[in-house]
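Subject: A structure for you to look at

Hi there,

Here is the structure I promised to pass on to you. Please open it alongside this email and follow along as you read.

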Amino acid sequence: LPMAQYLACSRVTILLSFQFILCQGIMTSSRHTNSKRIEGLDKNVWVAFTSVAADPTIVNLGQGFPDIPPPAYVKEGLANAAAVDKLNQYTRGFGHPALVKALSQVYGKVYGQQIDPFKEILVTVGGYGSLFSAMQGLVEVGDEVIIIEPFFDCYVPMVRMAGAKPILIPLRVKCNKKTNIVSSADWVLDPAELASKFTSKTKAIIINTPNNPIGKIFTRDELQMIADLCIKHDTLCISDEVYEWLIYKGHQHIKIATLPGMWDRTITISSAGKTFSVTGWKLGWSIGPEHLIKHLQTVMQNTLYTCPTPLQEAVAQGLLRDYELMGQPDCYFSSLAVELEGKRDRMAAILQDVGMSPIIPEGGYFMCVDVTSLNQDLSHMGDDEPYDYKFVKWMIKEKKLAAIPVTAFCGDASKKQFEKYIRLCFIKKDSTLDAAEAILKNWNS
Amino acid sequence: WKLFDVSWSTIHCKLISYILIMSRQLHARRIEGVDKNIWVEFTQLAADYQVVNLGQGFPDFSPPSYIQEAFCKAVNGGCSMHQYTRAFGHPPLVTILAKFFSKVVGHDIDAFEDILVTVGAYQALFCTFQALVNEGDEVIIIEPFFDCYQPMVKMAGGKAVYVPLRPVRGKALTSADWVLSSEELASKFNSRTKAIVINTPNNPLGKVYKREELQLIADLCIKHDVVCISDEVYEWLTYDGAKHVKIASLPGMWERTVTIGSGGKTFSATGWKVGWAIGAGHILKHLKTVHQNSVYHCATAAQEAVAVGFQREYEHFGTPESYFLQLPERLQHKREKLAACLESVGLQPVLPEGGYFMIADISSVKVDLNDPSTQGEPYDYRFVKWLIKEKGLATIPVSAFYSPEHSKDFENYIRFCFVKEDSTLSSAEAILRNWSNGK
């Protein structure tokens, strides 16, 4: 062929090949995209911030896990369990018998009622797994689920993955304070506003007490107000109580499931990780009436079937040990709270000393603080993120101190309300708190 | 009277409250029809009666000592062993999995992009279906199949389309004799097909798919642009020199395959529940989204131990010290022992090329299944329950591994797990012999 024609043919061939590859590429990528149920759920504040904070030179008060060791008897329990052949193999899907029996004992005492270990308890992969099982088992496409802001961030994506609509309502700080010290108790719901959120589509309300990130412990009256609405509108209540033992002096943890009419419509979620300072064990449980728990069990048998055996055995042993000591200072459920109260007070003092206003938590192991008084100019960081995200990223980079931005825990409409707050985790050893103190004291140098 | 009034109104309130709760549908539609589960049913039965348990698939011998030591070491390790690790997989584990399987698959696997660690292979399967299957998508399942595939497809809103393995020559002596019809398989693919699930070595049959058989499936996947979900939890357990082939290693398949593995089956520690999904990053990222919105993290210490286990196996790969060679050798002998015993009592075993299980044809055994509580159930279910209650031997009915459409044709097989101590297998033998002699 003459050169020109040859070149022309080649060009066409190349063009056709290119189009073919392009089409193949488009075809492949469009068929292997995500399912609709996870559309828009790929972003996650932890994935964004935990890898950054993994740098050992950073003082990490971000993600919520202890850098203090778990109690020795808990670790021993696991080593002992792993030495038994049978305990390295599958156990009962809905919960290792020794564990559900121990839970039945402990919570039977707490609730003041008999709890059936096999029908009213489900063991899950952390409190997280219980939340997921409850959503998948009970929340329908098109349902509405009320969530109180600020909320543990996974509630919204889980509601959305179940095809339902999150309905948000913020806690707001009460004015009329004689002192400057703000407590998490000062953050309250507006009763009329809350009532207005309940509609005929409302399937459930999620509450978290003690609350992450603020540390609020809902009072009996507050819980009664929520309970009244649940009963009036026939909604379910999913009560995330993973910090149930971390209650500071002068406060009491109340289980909404113990209020009249609430046992039959409440799933209560707890965590071994938070109870025994072993977040890496990822064990939790749901407790509730059989007619609700059975649906969570159905989800469990179709998602991961069973939780690890030796870990469940060890938690059972730990629970039995502390059950005997319940009410006494030696009980880990009490002694950990006492230890953490000291750290809480120290953290608050450190922040106050440098002119910041922390919200003193009544429970849990987080403290939120308003950073306005630091007057940090972040205009160089652009406008595409809320202030707290920019502040935390800047602080990690420039000050080597990690925290979590509180707007990660609220919806778009409330971002302005919370964007000056960051969350600090204080279940850390003294040297970590010392290091944080040093950084904050030298802030302006 | 006053006391009675108070009690009555309390009862009244509770009743009204109960009726009110029951007046709206409590459960979500996605869990309709997936509430029955053979394991829940049969493990309970095995626990209720004193049985020799060849039912559920778990070893009754200990995991290798080096893996138990690794777990103990992790437990006694620093603080970080008991706290959250990286959500998508503990770095030492994903790193060694990438290194190990890159060699096996013949493709450079990125530890952080191409791997997701899950709570057992079971959760990897769940993440895969939830990540990829939309309402109305079709998913091809080859029968007999590990029972969870069907409810998982259903829960994801998908439609399961079944294609059976069939014994050739009418009398199938080994799992190699059970094959797919290529025309039948091809006919199941259409524009709505999102994925096909394969399981090799297969549970319950024990079939180890040959390269040509996988090529057939691969060709169809490529032609119809379908994702292949390859459940390879028994990948190290092949017998008589059968070779496990990874479909992801075939040309054109890496970018469309999710390969699922199990630490529990690999290291004989099923109770640890450490599994993984390996595949191209553009697909794995969707599994990660499901994972971060369902369980988020897996237990740290168990992942650390499995990582140490794989490191050790990487160093001993192909040598006599390799557990991946030692275990199948040990199991080969147990497989033969059980097969011989079953034959001698008139049951016809299908000799498995791989895996934990052996199925046996019970047609020639005539038993008076005089149990009103199992009336109306499939024959193999009734037989298995009778065997548990009357003979103290637990097995699993094979029709549980078939679709509702085809299970009626396969009610004459029961499944035995032979990954048991010799003493357990001898006890089973004794039961079968006594029964046979008593006839």
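Below is what turned up in the backbone, spot by spot.

First, some ground rules: this is a predicted model, in which local features need pLDDT of at least 70, side-chain atom pairs count only at pLDDT 80 or more, and totals for chains, interfaces and linings use all residues. Residues are numbered from 1 along each chain as its sequence is written, chains are lettered from A and ligands numbered from 1 in the order in which they are written, and side-chain values use heavy atoms, leaving out hydrogens and water.

Let's start with the cis peptide bonds. One runs from Glu149(A) to Pro150(A), with omega near -10°. Pro150(A) sits in the loop of chain A between β3 (144–149) and α6 (155–161). Helices here are DSSP runs of H or I with at least four residues, strands are runs of E with at least two, and both are numbered from the N terminus. In chain B, Asn203(B) and Pro204(B) are also joined by a cis peptide bond, with omega about 15°. You will find Pro204(B) in the loop between β7 (193–199) and α8 (211–224) of chain B.

Next come the positive phi angles. Lys282(A) is not a glycine, yet its phi is positive, about 50°. This lysine, Lys282(A), lies in the loop between α9 (272–275) and β11 (284–287) of chain A. Is Lys282(A) buried or exposed? Lys282(A) is buried, at 6% relative accessible area. Asp240(B), not a glycine either, has a positive phi of about 50°, and Asp240(B) is exposed, with 54% relative accessibility. Buried means under 20% relative accessible area, exposed over 50%, and partly exposed in between, using a 1.4 Å probe and protein chains only.

Happy exploring!
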